[in-house]
Amino acid sequence: MFMNFWYVAELSENVQETPVHVRMLGFDFVVFRDSAGQVHCLSNLCVHRGASLAHGKVKGDNIECPYHGWQFKGEDGVCTKIPSLGPDAKVPARAKVDSYPVQEKYGLIFAFLGDLPEAERPPVMDLPEYGQDGWRVTTQVYEWTANFQRAVENTLDPAHTEFVHPSMGYGGDREDYHVPDLTLTEEDWGCGTMTTFVSPDLPNSKMKGLKGDGEMEAGAGNHGPSSAWTKLHFSPHAWAHQYGFSTPVDEKNLKRYFLQARNFRADPEMDETINERNTAVMMQDKVVIERIEPFYTPLSSTEEVLVKADTVVTRYREFIQDWESRGWRIDSAKVDELREEKAFAIPSPARRIAKGWAIEAAPTVQPKIVAKAAAE
Ligand code: FES
Ligand SMILES: [Fe+2]
């Protein structure tokens, strides 16, 4: 799992008066809304003696620890009150927790889990159709027992649709079936492809008639390690653009915030039908992905046999290697090994500015190039 990207912490509507406990990247966070309605995301562990802040109370712009009532400001995570010291007592400088940048958009709360300064942060995946006339966006949340990388690779894989998704009108038994050559489009934080496929009309009666001449354009791409998009152009006019923001809960579980924008049958009354269909498709993927072995994508691609249709997957793996070489991959094995005797926190941007943190920053995987140089 990677720090220094934006992750969906929660649906906006789920963060109201009470603090919410969220687990992301194998770490615990408290997400809460202050008196002005601004959402904050802090490392959940109280630096006094380790209680869970998410089980405390919101007090104005602060979160109050349930154990001894220390209060931490949402904006910067600095402790503003230590009741046991009495009123007006000086608060030690180390009494602070990590506070992560937050953005609320698309009905989601995004937290930037990392220490990059603002100008260097990869952006949130764009959803240009959101709020636009003629488009209807629905949001669904799915939980998978899978590593985020396996899940994203599934989205980037055009060859599985024929076999995994009969509800898309494919049967896996056409003699002339093949995946056309894929042309990659490169972006700063990912890559993607759009291709024209031959496909029959959709079998579901409520979806019938969307397709024109038996051809459709479809494609997918990634944005960062765990966000991915899919575009389905059933006809020149009927489009569905899907955005999957996957938040790794830990290495083995993920929460997938799935937003679908459609420009056909945009009446809200169609939402239920469309969402049911999306869920059916998602479940078809889930049963395959949750059975994949090894659980993690192998470290070397020579341990699999990749072909032309895996072009996007292959390119995505290069991005993953690049982000690892920047020192952004969390060393989850080390965190787990020490879990019962030592706490870590994902470093927040304030760690680049100020020293004196009680909780050590999460260890990251040593970039291979650096490790190689050190060995020489
Ligand atoms: S553990 Fe939080 S105030 Fe003591
Ligand atoms: Fe799929």
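Analyst: Two strands count as paired if DSSP finds at least two bridges between them. The model is predicted.

With that cut-off, the part to look at is strand β18, residues 253–262. Eight of its ten residues are buried, so the strand is mostly covered by the count of 20 or more other C-beta atoms within 10 Å.

One partner of β18 is strand β17, residues 239–250, and the two run antiparallel over ten bridges. Within this pairing, Ser246 has Arg256 of β18 as its bridge partner. Two residues lie between β17 and β18, and the two strands form a hairpin.

Strand β12, residues 136–144, also pairs with β18; this pairing is antiparallel and has nine bridges. Here Leu259 of β18 stands opposite Thr139.

Strands of a sheet pair through backbone hydrogen bonds, either parallel or antiparallel.

Now to the core. The largest nonpolar core holds 69 residues, and those touching the most other members are Ala9, Phe29, Val31, Ala111 and Leu113. Strand β11, residues 108–113, gives the most to this core, with six residues. At least three core residues come from domain 1 (1–122 + 331–376), and at least three from domain 2 (136–322).

Phe29, in strand β3, stands opposite Val22. β3 covers residues 27–33 and pairs with β2 in the antiparallel sense over five bridges.

Conventions. Residues are numbered from 1 along each chain as its sequence is written. Chains are lettered from A and ligands numbered from 1 in the order in which they are written. This is a predicted model: local features need pLDDT of at least 70, side-chain atom pairs count only at pLDDT 80 or more; totals for chains, interfaces and linings use all residues. A nonpolar core is a set of buried Ala, Val, Leu, Ile, Met, Phe, Trp, Tyr and Cys residues joined through C-beta atoms within 7 Å. A residue is buried if 20 or more other C-beta atoms lie within 10 Å of its own, exposed if 12 or fewer, and partly exposed in between; C-beta atoms are placed from the backbone. Helices (H or I, at least four residues) and strands (E, at least two) are DSSP runs, numbered from the N terminus. Domain bounds come from an automatic or database domain assignment.
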